[in-house]
Structures are given as C-alpha cells and as structure tokens.
Amino acid sequence: MSFRDLRKSVGDALYRNVGRAHSQVQKHRSLPVDILENDTAYLVIFDAPGVEPDDVQVRYLEGTVKIRINRFRQFRDSYEMRFPGRGMELDGEAELPDDAVVDPDAGRATLTEAGTLRIDIPKDSAVENGEAESETEADSETDELTVDE
C-alpha cells in the first residue's frame, strides 16, 4: 500500500466517522421551530429540507405538535459517499401556550417546495362561544395530520 493510498484510506475513515457523528447529533436534537398565533389559529413552522410528504408524520398530543421525519438519501451514480452528515431520522416538537385550546381535527400540514413544513391548527371555535371543553378533555386528544404538498 502506497502512502497516497494510506492517506486516502485514513481520510475516508475520518470523513465517514465525523459525518456519522454529525448526523447522530441531528437525530437527537429537535428541529428548529417557529410558533405564530393570530385570532383564529396557530401556525407551527419547521424547516424540513429534502423531505417528501410521505416522509413526514405530524401528531398533536396534549398541547404539543410533534413531527417525525424519515428522509431518504438518494444515491448518485459514479459518486462515493465521503461525508454522510445529514441526519435521516429527524424529530421536532412545538409546545403550544398553556392556555391554547385548539381543534386538532381541523389541523392541516403543508410541505412547501422549499422544504418548509407549515402546520395550521385552528383555535377551537367553542372557546369563542364559551362552550370550551374542560382542560383535561382537550389535553387528552391525540391526532395525526396528513401532509399535503
């Protein structure tokens, strides 16, 4: 084995290990999120580049919007993987304010071409009419949203 081959072999091993470590950090770190509110709804926004609608699961559980992303890494002909740094399994979580009463059944998740996941969750209209459920009933709801393109 020549010095050049040894250097390439060591370099490949370092790149792969650093890349794997980086993707593991992404796997355990929650995705960044913005939470916006207006008079009728909450808007939760996650950055999800490289994701297809079938790769995303969105759930509402006890006042928290939870997402799970299982991305696929495309293989490229005539290229070899040097630095596998993008996490393929990503999670995100957004806790709505304590006083938020929403209608998760009417929620809608949309994935933009730019890789932004927008989750619109309307406020519960019964609250405006003074007919809100008790807080414990509202918090026990678990709903899964479908992601649209």
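Because the model is predicted, local features need pLDDT of at least 70 and side-chain atom pairs count only at pLDDT 80 or more, while totals for chains, interfaces and linings use all residues.

**Stop 1: the whole chain**

Show the protein chain as a cartoon. It has 3 helices and 9 strands. Both are DSSP runs, numbered from the N terminus: helices (H or I) have at least four residues, strands (E) at least two. Trace the chain along the sequence and the pattern reads α-β-β-β-β-β-β-β-α-α-β-β.

Of the 149 residues, 34% count as buried. Buried means under 20% relative accessible area, exposed means over 50%, and partly exposed lies in between (1.4 Å probe, protein chains only).

Next, contacts, meaning heavy atoms within 4.5 Å. Among those between residues at least 6 apart in sequence, 63% join residues at least 24 apart.

**Stop 2**

Side chains of opposite charge can pair when their charged atoms come close. The rule here for a salt bridge is a side-chain nitrogen of Lys or Arg within 4 Å of a carboxyl oxygen of Asp or Glu. By this rule the count is 4.

Select Glu37 and Lys123. Their closest N and O atoms are 2.6 Å apart, in a salt bridge. Glu37 sits in strand E1 (residues 33-37), and Lys123 in the loop between strand E7 (116-122) and helix H2 (125-128), so the pair, 86 residues apart, links distant parts of the chain. Lys123 is partly exposed, at 22% relative accessibility.

**Stop 2: the Arg68 network**

Which residues are linked with Arg68 in a network of salt bridges? Select Glu89 and Asp91 along with Arg68 to see them.

Start with Arg68 and Glu89, which meet at 3.5 Å, N to O. Arg68 is in strand E4 (residues 64-70) and Glu89 in strand E5 (residues 89-95), 21 residues apart.

Move on to Asp91. Its closest approach to Arg68, N to O, is 2.5 Å. Asp91 lies in strand E5 and Arg68 in strand E4, so this pair ties together parts 23 residues apart in sequence.

Finally, colour by accessibility. Arg68 is partly exposed at 29%, Glu89 is partly exposed at 34%, and Asp91 is partly exposed at 29%.

Conventions: Residues are numbered from 1 along each chain as its sequence is written. Side-chain values use heavy atoms; hydrogens and water are left out.
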